[in-house]
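Here are my notes on the model, for you to check against the coordinates.

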Protein chains: 4
Amino acid sequence: MNAVKSVTNKRNEGDSVQTAVLGVSGYSGAELARLLLHHPRLKNTPPVFLGRPVAEGAAAKEELLTALHPQLRDGNGSAGLKIEPFSWELLKERGVKVLFLATPHEQSRAYAPLALEHGIKVIDLSGAWRLEAAENRAVYKFEDDGTEVAKATQAKAVYGSPELHREEIRNAELVANPGCYATSVILALKPLTEAGWADTERGIVCDAKSGVSGAGKAPTAKTHFMYAADNLSAYGVFGHRHTGELLEQLALNSDEIVFQPHLLPIPRGILSTIYVSLKETKTAAEIADLYTKFYAGSPMVRLFGAGNLPQIQYVVRTNYCDIGFELDKSGRRLILVSCLDNLLKGASGQAVQNLNLICGWGESEGLE
Amino acid sequence: MNAVKSVTNKRNEGDSVQTAVLGVSGYSGAELARLLLHHPRLKNTPPVFLGRPVAEGAAAKEELLTALHPQLRDGNGSAGLKIEPFSWELLKERGVKVLFLATPHEQSRAYAPLALEHGIKVIDLSGAWRLEAAENRAVYKFEDDGTEVAKATQAKAVYGSPELHREEIRNAELVANPGCYATSVILALKPLTEAGWADTERGIVCDAKSGVSGAGKAPTAKTHFMYAADNLSAYGVFGHRHTGELLEQLALNSDEIVFQPHLLPIPRGILSTIYVSLKETKTAAEIADLYTKFYAGSPMVRLFGAGNLPQIQYVVRTNYCDIGFELDKSGRRLILVSCLDNLLKGASGQAVQNLNLICGWGESEGLE
Amino acid sequence: MNAVKSVTNKRNEGDSVQTAVLGVSGYSGAELARLLLHHPRLKNTPPVFLGRPVAEGAAAKEELLTALHPQLRDGNGSAGLKIEPFSWELLKERGVKVLFLATPHEQSRAYAPLALEHGIKVIDLSGAWRLEAAENRAVYKFEDDGTEVAKATQAKAVYGSPELHREEIRNAELVANPGCYATSVILALKPLTEAGWADTERGIVCDAKSGVSGAGKAPTAKTHFMYAADNLSAYGVFGHRHTGELLEQLALNSDEIVFQPHLLPIPRGILSTIYVSLKETKTAAEIADLYTKFYAGSPMVRLFGAGNLPQIQYVVRTNYCDIGFELDKSGRRLILVSCLDNLLKGASGQAVQNLNLICGWGESEGLE
Amino acid sequence: MNAVKSVTNKRNEGDSVQTAVLGVSGYSGAELARLLLHHPRLKNTPPVFLGRPVAEGAAAKEELLTALHPQLRDGNGSAGLKIEPFSWELLKERGVKVLFLATPHEQSRAYAPLALEHGIKVIDLSGAWRLEAAENRAVYKFEDDGTEVAKATQAKAVYGSPELHREEIRNAELVANPGCYATSVILALKPLTEAGWADTERGIVCDAKSGVSGAGKAPTAKTHFMYAADNLSAYGVFGHRHTGELLEQLALNSDEIVFQPHLLPIPRGILSTIYVSLKETKTAAEIADLYTKFYAGSPMVRLFGAGNLPQIQYVVRTNYCDIGFELDKSGRRLILVSCLDNLLKGASGQAVQNLNLICGWGESEGLE
């Protein structure tokens, strides 16, 4: 554990850290690679990019990062970067201190406990370690759920929402990076639920819409251009697996909130429209004040003034979560609009934000 | 009024009627022209297309329909069709029996009473005559509101939703064709509100999304490709003018329903996601049965079975309104999804459906 | 052969014919189904829709057409239409006279000769029978090329471009429906090459762009929304398999023409920009006159006047091929622009046009 | 002139320069603002943003940069940046050394000579000063063409293509930043025309396609989402005003090259497909070698290997110009594909590249 601890508390300008990324083939992996390659603290410490372990008896195969993602080609020497076969020896040899897992859920369940054992901190972008309650985890059907290792690992996991758990993340060994939809809804609602202003008995409605990158890189009937373009469709009705994150982080029960996602015909971006009844009449100024105070010190949340709602185009390719609202004349019905880029604040950008916290750096370094 | 009456009750295969369209320059006007030019009853009776009246002292100017809308060019002789300057003499001379107004609200306020006076039936696509309650009309700021003529005209107007007011439309002199958003929400909710199943005290949430053609043909900052593409934005919060139609047609008060529109980066199509709490526990079969009975005899509504929600791509370029739903395990929370093409079932297609009713023809003639 | 002959020469209003469609799962198949279901001659004779033959020992499996293509649901009874397992017995039993093959090339090679043997006319939408010269066919690598059956079948095939081979098609047993790109280029160039006006020694350049439906329904890396959206890419450089059709139909050798396709981020439509040097100076009026005469009697080609080029939006969802041009000041350099919908005039619409010719019906029936 | 000279030759890490931007309301202006605000050399020297001069007698009006371009909001203090009314006094007071003109052509004609007179270097993004030959400038109809001031200013102008005129730019007082289309075509062809390999007598064909941002921010019929989306159209046939730049920079006459632009349904990006006949047979390796040598030392041009053409998605939001090619079997026909982001390498990115050269900084600083 000493190795893990030693990462923390570095705060000098010249500090750096050796990172590694397992799973760089998807959209989040590519964005994470791009962010880390341009991070000011990592100029001289490019991440180790890792692919599948070499199968027993097979020859090691390396691939160029830019062959997989041509858009990463630049003059910074990225041209020579390789994706190397994963092994714990390699991580040790390179002195890796923080490992990003941009892997499927099941793989993250397997790799995270082993990394901690090797004294390597983990930032996991999957849903493997986000949920404390077994009933919320049930949707993932983890094979190892209930084992001692899984319980011990879950106990170390911190939900990686810097705006909610900044201090725990600074000292975390395992950061469970939040889901994209979940981030947009939780950041919009948390000030309200924490203050006890929402009349949750009347039910909160979260109508969320996401670009196609959220559906992953695998070609399927639903990611075909002809299906997604010129279309809009609702999916995952009453059962999207991000729902558990909302319940736990907002301390709500499942009767108090409905979450409904839709597939937008755009590459990236999420907009959530959230309908809340208030227990007591409030003014717009009171609402604005509540949010301003809650997000003081949170550089990656941008609050919008009255009459000026956020839009997807303002957040695409940024790590911001933009939040705006309108209150009706009665002062009792509130509509919140929350936008973010699902691959950045909803995935890789938030992961880098968590890296910054772990390393004691400025929270938004490498993200503006 | 005799001339008006005489249109009704024509039911023979060979029947036709002389129509006219005022305001053919917009998207709805172009779709209306296309539908009427291909309507089986109107093969030998093309509509009279009308533009602005000739200004005093100016020379009459005619324009080719296909110069304005090149996509209307076909081998049916559409090439020669002219847009002629409006005058009541021209309408009389051509024997026009039904006049479509695809005009701005204020113009429809002016033209409709005069047409009725000339014994011409009117199908108005604007919002001019849709609303009975003065407080709901207030949003339009009609200058003539409260005058005797306006009151008398309003009294003759029938809300042109065939599924709700089929019989009144058959005998109407003035049909107020519904708004696009309003149609999608009203058709989805009417069976439920009429049956008294919705727990309206908990509030109904209607989150609606529309393609850009709904914003009209005028080039503005918001219809610019760079604004709309790759984006999603909410607008008209707590104040969209279709709200009044929802209240009147669903017999709700403004505390019982929230309607929130969004601008989708697609040319056409509306999807409304509607969240309802039920007063009593129901089964999916009961819900399905309620809708099946309500829409028996309504050829332009397609009901979707469980686990198979409608999508915008299924309705684009059709006159259908597709309605589907999912009920949660508790049997108390219902999500309805309703889709239509805003230019067809949401405007010109529904107008032709109303023409069919007025003329005693099959309700879906010329619409499949 | 008698059965085949009997189809021809039907010309009365009430005439119909029993058709069948093998391969209805792709985009062209769905469009073909839609066109045939709404064809005025086929109101009472819906096509037989055919899927894979039943495998030996397996039970016959039927599927609803509307389960595969929900957009085909309408009030016309399409809801009950089944996709039945293919067998020659079924075709005989139903009295099928014309069989559409919307199948992969290899399957069309196998089915077409057998259909002719059964006295059934064939309209094949694949590339199986379009090319006379073995060297042009080489790109398809047909396994049966050179066999007696293949030679005999090829000898019966007529290239299904009504504007070029109208009379042969009327009497054809096997129509090889043209490729989508090929149609757009051939129709734009044929008047010019036939008149001998093009200076082919200087080389003709065809820069073509197609929507994503041209790439087929199979989900692949290139049809993924994230690949196609917000992008443009060139592909098939110096080797697209439609090139052979250009060479044969325009009587050019491969030095005289370059054809380069691109993938557009739109669902459907092709625009070809074609650059030609003229042997002698011509006026715009002379060019216009040449085309007008060539396409007199061709209802599905629309010629655009000077200064008014066609665009994809004008042809999408129509069976027209729009052709326009600009001539430079010297009168020696010509740019032609040709547009069509790749699924209609470029595939299923042209196939129905060919059906109309075979049956002696109006060439554009069911296509406007 | 001394002030102007003094900007040059600064080469230390800590060097900076005071810049100003006139015309920040358009897409290029917004991108330029973004680039300058994040340029490592300008961290402590944000540009002065300038709007219209105060009209005589009117009160000075300031506007927030982020009110105009909400996407520029970030934690770097951009929130407070103002757009100030232009005046020469203000420029002097702030010590402005380099003025970017992101203004319409006519305004750039007026401002550039005055700036030079005030000893301020100019990087002009308009077409005002790009063309040496009067006949090529004719298309712009400059009112001041032929005046002494105009001649003297033109004589000082350097065409701002760093890859072609790097040394002249370093010492230029007035940089005429190239057109977006022109950049994509010139960079693709220059190695070939300079080497004398292109058979220009047979004619070079440049088929170019651009995203909608190239059409400007003004809402017009052609920038309306409904016009541009799901469409492709050719425009500016035989007369696009970037043609003159091609002729001058490639030393061709107008018979030797055809340039044809098209409007793509995407926000940004240009792809040019260029067809060239070669005088003599070449191998792909010889072509590749020619380009590699020509662009050695040009960090913003990325050359693609055989069988791997560039695409718009690889260059969007970068300052690269990607160039690839395919040679046919004969070794005589070449297809070049060139891609860039029209707002970056085609406008503001190239302008910053020129700033870097003027200031003696690394050519790609602030651009990766």
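1. Basis. This is a predicted model, in which local features need pLDDT of at least 70, side-chain atom pairs count only at pLDDT 80 or more, and totals for chains, interfaces and linings use all residues. Residues are numbered from 1 along each chain as its sequence is written, chains are lettered from A and ligands numbered from 1 in the order in which they are written, and side-chain values use heavy atoms, leaving out hydrogens and water.

2. Symmetry of A and B. Chain B superposes on chain A by a rotation of 180°, with 0.0 Å of shift along the axis and an RMSD of 0.0 Å. The two copies are thus related as by a two-fold rotation axis. Within chain B, Arg202(B) comes closest to the axis, its C-alpha lying at 2.7 Å.

3. Interface of A and B. Contact (heavy atoms within 4.5 Å) joins 40 residues of chain B to 40 residues of chain A. The copies meet through the same surface, because 100% of the interface residues of chain B are also interface residues in chain A. The buried area is about 3300 Å², with 61% from carbon and sulfur atoms. That area is the accessible area (1.4 Å probe) that two parts lose on being put together, summed over both.

4. The term means a side-chain nitrogen of Lys or Arg within 4 Å of a carboxyl oxygen of Asp or Glu. Asp207(A) pairs with Lys209(B) in a salt bridge, the closest N and O atoms being 3.1 Å apart. On the side of chain B that touches chain A, the residues divide into 22 nonpolar, 9 polar and 9 charged. Here Ala, Val, Leu, Ile, Met, Phe, Trp, Tyr, Cys and Pro count as nonpolar, Asp, Glu, Lys and Arg as charged, and the others, Gly among them, as polar.

5. Lys209(B) again. Asp207(B) and Lys209(B) also form a salt bridge, at 2.9 Å from N to O. Both Asp207(B) and Lys209(B) are buried. Buried means under 20% relative accessible area, exposed over 50%, and partly exposed in between (1.4 Å probe, protein chains only).

6. Interface of C and D. Chain D gives 40 residues to the contact and chain C gives 40 residues. About 3400 Å² is buried, 61% of it from carbon and sulfur atoms. The salt bridges between chain D and chain C number 2. Asp207(C) bridges to Lys209(D), with the closest N and O atoms 3.1 Å apart. The side of chain D that touches chain C has 22 nonpolar, 9 polar and 9 charged residues.

7. Salt bridges within chain C. Lys151(C) and Glu148(C) are linked at 3.7 Å between the closest N and O atoms. Lys151(C) is partly exposed at 48% relative accessibility. Glu148(C) is exposed at 59%. Asp328(C) and Arg333(C) meet in a salt bridge of 3.2 Å, N to O. Asp328(C) is buried at 11% relative accessibility, and Arg333(C) is buried at 16%.

8. Totals and a network. Over all chains, the structure holds 72 salt bridges. In chain A, a network of salt bridges links Glu31(A), Arg34(A), Arg268(A) and Asp341(A).

How values were computed:
Least-squares fit on C-alpha atoms with pLDDT ≥ 70 in both.
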